[in-house]
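Here is a short report for a first look at this structure. Please view the sequence and the model before reading on.

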Amino acid sequence: MEASLSQMKVAVLRLGAMGSAAAAVLARRGCKMIGFEQYLHAHNQGSIHGDTRANRKANVRDEQYAPLVLESYELWRRREQDTGAELLREIGGLVVAPSGGLTLTRSVATRPNMKLCMRSFPQS
Ligand SMILES: Cc1cc2nc3c(=O)[nH]c(=O)nc-3n(C[C@H](O)[C@H](O)[C@H](O)COP(=O)(O)OP(=O)(O)OC[C@H]3O[C@@H](n4cnc5c(N)ncnc54)[C@H](O)[C@@H]3O)c2cc1C
């Protein structure tokens, strides 16, 4: 028999970027959840800290990550609505790489579902 989320007790280990996002989603869905973190709430010791974060569609290299990246934009916008703060600024990016090289051929950025406007410039 499958238990619903509200009946489950979940322990989330390490409340960094991934753990705190997982904990927030679980809590929002009514799951009994406990998080374990070595530092106090809102500490500044994780790899997520700093004044800015880069959120990139253009260098996604695995199809499986594509829907996650796209959803993250919606979640940032929703968080902006919740907090009234501007959290995400879309500014575009410049990727300089040889055509046919791994940087470009591995990227899924050219897929239509990534909704990216791409332009390539020939080598002069
Ligand atoms: C300098 C730097 C810049 C980066 N810039 C970007 C960027 O701009 N954009 C981007 O998308 N990605 C960036 N990354 C990568 C991104 O930060 C990581 O991929 C992401 O933070 C990983 O999330 P995480 O939850 O796995 O780890 P973290 O966010 O590091 O969280 C790990 C948590 O686990 C806790 N922890 C560790 N050990 C224990 C323990 N034994 N007991 C209890 N708690 C523990 C830590 O205190 C921490 O809170 C950057 C990484 C670095 C190092």
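## Ligand shell

A residue is near a molecule or strand if its C-beta atom, placed from the backbone, lies within 6 Å of it. There are 16 residues around the ligand, and Arg14, Gly16, Met18, Gln38 and Ser47 come nearest. By class, the shell has seven nonpolar, six polar and three charged residues. Here Ala, Val, Leu, Ile, Met, Phe, Trp, Tyr, Cys and Pro count as nonpolar, Asp, Glu, Lys and Arg as charged, and the others, Gly among them, as polar.

The model is predicted: local features need pLDDT of at least 70, side-chain atom pairs count only at pLDDT 80 or more, and totals for chains, interfaces and linings use all residues. Residues are numbered from 1 along each chain as its sequence is written.

## Helix 1

Helices (H or I, at least four residues) and strands (E, at least two) are DSSP runs, numbered from the N terminus. Helix 1 covers residues 17-28 and gives the largest share of the ligand shell, three residues. Just after helix 1, Gly30 takes a positive phi of about 85°.

## Strands

Strand 1 (residues 9-13) pairs with strand 2 in the parallel sense, over five bridges. Two strands pair if DSSP finds at least two bridges between them. Ala11 has Ile34 of strand 2 as its bridge partner.
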